[in-house]
Amino acid sequence: MTAWVPSDALGRRILCGTEHATVRYVGSVPPTAGIWLGVEWDDPQRGKHDGTYEGTQYFKCRHPRGGSFIRPNKANFGVDFLTAVKDRYGLKDEKDVQHGTENTLVFGKKTVEFVGMDSIAEQQRQLNQLVDISVRECAVSHAGQKEEISRTCANIRHINLSRNLISSWETVTAIASQIQNLETLNISENKMKFPSTSTSVSSVFSKLRILALNQTEIMWTEVLFCAPGWPALEELYLTSNNITVLERPDNVLQTLKLLDLSDNQLLDGNQLHLIAHLPRLEQLILRNTGISSIHFPDAGFGCKTKMFPSLKRLAINDNKISQWSSINELDKLPSLQSLQCHNNPFMDTEKNPETLRQLIIAKIGQLEVLNKSEILPAERKGAELDYRKIFGSDWLAAGGNWNPEKNKPSEEFLTAHPRYLSLCLKYGAPEEGELKGQQPLTLKNQLLTLTIKCPEKPEQKPVEKKLPESMTIQRVKGLLYRLLKIPGSELKLSYESSKLEGKEVELDNDLKPLQFYSIENGDCVLVRW
């Protein structure tokens, strides 16, 4: 007997056993008899070829071994929405209850038993009570008979339709059009087709506030085509969709408060400028998006950007941000309160996590929460005072002065420390005594003559250098990078005192100056990597 094949099988999503696939071909495959389905597997390891069989290409696959031919009777084309709901919530079809068999309905934690015809009314009552429905992984592929959902489940507000067999946005619309008060919709993990032109505005999603489209292969242009139909949308989740470029939303997504673009490899940080004028956006999640820098070119030192006017919470974990200048830029955001930034290369420049946290706090003035930990007023004050001291010598060397009329640090210093002058206004310029008791009157008085050795690399000859006492370990590493061509993050420094032979002291805090470690003339700096 020949298995039934739906007339719209081409492009449909199917299950074969537990494996998901998309139908790419329906027809004969000579010399064999009968109808075959050419399918592209979600897991290419399951396939055998790219759609070519004995020299004839029947369909195309993204992966060279992502395709197979299967018989129609092996394919599960799925069920309608209401069938899945009844199955998930333990409800039987009417034909089952009319035979007088005893039925049990499990609704939440309550079990209701009913017999015969009376159960039909009870089933209807229970379905009408459903507000929050999850039919995840229930092989839902279509809406079913017209108006059946609206007659049966009138009070649904929240639906989880993730990981089903939905093939197109039209199917989603067909289901949602029967649910008058839909507020939350999760259709993640359904590979589907989206409109390729602007859709006509309808009231289907007029009350939708939260939409999850993770792993649906949607592109940003398609988001914008659909967005006119989401006039009240507040949260949009778009993770893992291979989105690389963004476009500016014109008159759409204006109500959006949260946007999650995690696990999409964006072309560069400038893509963010294209979504920077969403007026109500409060939370932006950019985990693992490949961005290496953040820049707001419309604002200079100490000024606030006009971009992201409402942004309060930003997550940039697991990216490639290597320069502290990107953290400086975040101080330009007018409303930023919370930042997550774990696993970025710039964090490797400081081994001590407490010092690293202090640096970020000092650089972003209005931050209240860092990496999910609240910043208390005492912590902020301590971080800002320490920052002011640590870079005080650099400030003086760059043209800073206790006399306000002569206080003109270089542009290079202000680029690296844009908040430094405002911290001086807040707490006063650092006193001479705060700079570790030194009298930084002239650079000459502070120079140390040090020998630099690489004990594990005998081929590297010792070098004698004159370095300012105020020079931070981080800057010493920068100097060594120019000498040795080894990145500072890989260098481990220590020193031996000329007075205490054999005793080695580790130089373990990149932000501290040489004088912090009581290094004196004639001491030897040891470099390892």
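Predicted model: local features only at pLDDT ≥ 70, side-chain atom pairs only at ≥ 80, totals over all residues.
According to the unreviewed UniProt entry, a CAP-Gly domain covers residues 27-71. Over this stretch the chain is 0% helix and 33% strand, with end C-alpha atoms that lie 10 Å apart.

Helix H1 spans residues 81-88, and among its residues Phe 81, Leu 82, Ala 84, Val 85 and Lys 86 are buried. The N-terminal end of H1 is capped by Asp 80, a side-chain oxygen of which lies 3.1 Å from the backbone nitrogen of Leu 82, whereas just after the helix Gly 90 takes a positive phi of about 75°.

Side chains of opposite charge can pair when their charged atoms come close. The count of salt bridges comes to 23, and Arg 163 takes part in two of the pairs described here. With Glu 137, Arg 163 forms a salt bridge at 3.4 Å, N to O; this pair links the loop between strands E10 and E11, which holds Glu 137, to the loop between strand E12 and helix H5, which holds Arg 163, 26 residues apart. With Glu 189, the closest N and O atoms of Arg 163 are 3.9 Å apart, and because Glu 189 lies in the loop between strands E13 and E14, this pair also ties together parts that are 26 residues apart in sequence. Glu 137 is partly exposed at 49% relative accessible area, as are Arg 163 at 27% and Glu 189 at 23%.

A further salt bridge joins Lys 304 and Asp 331 (3.9 Å, N to O). Lys 304 is partly exposed, at 43%, while Asp 331 is buried, at 14%. Finally, a network of salt bridges links Arg 13, Asp 42, Arg 62, Lys 191 and Glu 217.

Conventions:
Residues numbered from 1 in each chain as written. Heavy atoms only, no water. UniProt positions renumbered as here; feature names shortened; annotations may be inferred. Helix = DSSP H or I, 4+ residues; strand = E, 2+ residues; numbered from the N terminus. Buried < 20%, exposed > 50% of the residue type's maximum accessible area, 1.4 Å probe, protein only. Polar contact = N/O pair within 3.5 Å; in protein donor to acceptor, adjacent residues only side chain to side chain. Salt bridge = Lys/Arg side-chain N within 4 Å of Asp/Glu carboxyl O.
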